[in-house]
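Here are my notes on this model, point by point. Please read them with the structure open.

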Amino acid sequence: SMMDELPRIQLIKADVEGYEADMLRGARGLIARDRPVLYLENDRADKSPELLRLIDEMGYSSYWHTTAMYRPDNFANQAKDIFGANAGSFNLLSIHRESGWSIVDEPEITDFDNAHPLRSDA
């Protein structure tokens, strides 16, 4: 098959504007074969539970990786934060449970319904 000809995939990084779960479903065979590290944007609180459940069902543990949009020590030395207080990027780092890897000092996401930092009722 065509997939047999593909090299082993070690990382999938995706920011597909809320279609991360669809992308994962489309790559299900490749993910099952290679068990790559997944680094996915998860900035839509309403879509987060579905995405987290799907990743879990694929055999992965997920961890938040959030980054501030503004850094005082930014490259351009801009003093003004144009993004607003606490604006950030919300991403998931997901590692297959059989990889032997673990994330130190970062809690695994286990409450898929209430995990998102942008939940409006949180």
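1. R25 is partly exposed, with a relative accessible area of 35%. The model is predicted. The side chain of R25 forms a salt bridge with that of D22 at 3.3 Å, N to O. Both sit in helix α2, three residues apart, so about one helical turn separates them. D22 also counts as partly exposed, at 45% relative accessibility.

2. The structure holds nine salt bridges. One of them joins the side chains of E17 and R44, at 3.4 Å, N to O. This pair links distant parts of the chain: E17 lies in the loop between β1 and α2, and R44 in the loop between β2 and α4, 27 residues apart. E17 is partly exposed at 46% relative accessible area. R44 is partly exposed at 28%.

3. D113 and R53 are another pair, their side chains meeting in a salt bridge at 2.8 Å, N to O. The link again spans distant parts of the chain: D113 is in the segment after β4, R53 in helix α4, 60 residues apart. D113 is partly exposed, at 41% relative accessibility. R53 is partly exposed too, at 33% relative accessible area. In general, side chains of opposite charge can pair when their charged atoms come close.

4. Now strand β2, residues 37–41. Five of its five residues are buried, so the strand is largely enclosed by the rest of the structure. V37, Y39 and E41 point one way, and L38 and L40 the other way. In a regular strand, side chains alternate between the two faces of the sheet.

5. Which strands pair with β2? β1 (residues 11–14) pairs with β2 in the parallel sense over four bridges. There, L11 has V37 as its bridge partner. β4 (residues 88–96) pairs with β2 in the antiparallel sense, also over four bridges. Here the bridge partner of L40 is L92.

6. The largest nonpolar core has 19 residues. L38, L40 and L92 are among those with the most contacts inside it. β1, α2, β2, α4, β3 and β4 each supply at least two residues of this core. Helix α4 gives the most, with four residues. Beyond its neighbours within four places in sequence, L40 is in contact with residues including I12, L24, L51, I55 and L92.

7. Last, A76. Its place is in the loop between β3 and β4. A76 is partly exposed, with a relative accessible area of 48%. Its C-alpha atom is separated by 40 Å from that of L30, 46 residues apart along the chain.

Methods: Residues numbered from 1 in each chain as written. Predicted model: local features only at pLDDT ≥ 70, side-chain atom pairs only at ≥ 80, totals over all residues. Heavy atoms only, no water. Buried < 20%, exposed > 50% of the residue type's maximum accessible area, 1.4 Å probe, protein only. Pairing = 2+ DSSP bridges. Core = buried A, V, L, I, M, F, W, Y, C linked by side-chain atoms within 4.5 Å. Contact = heavy atoms within 4.5 Å. Salt bridge = Lys/Arg side-chain N within 4 Å of Asp/Glu carboxyl O.
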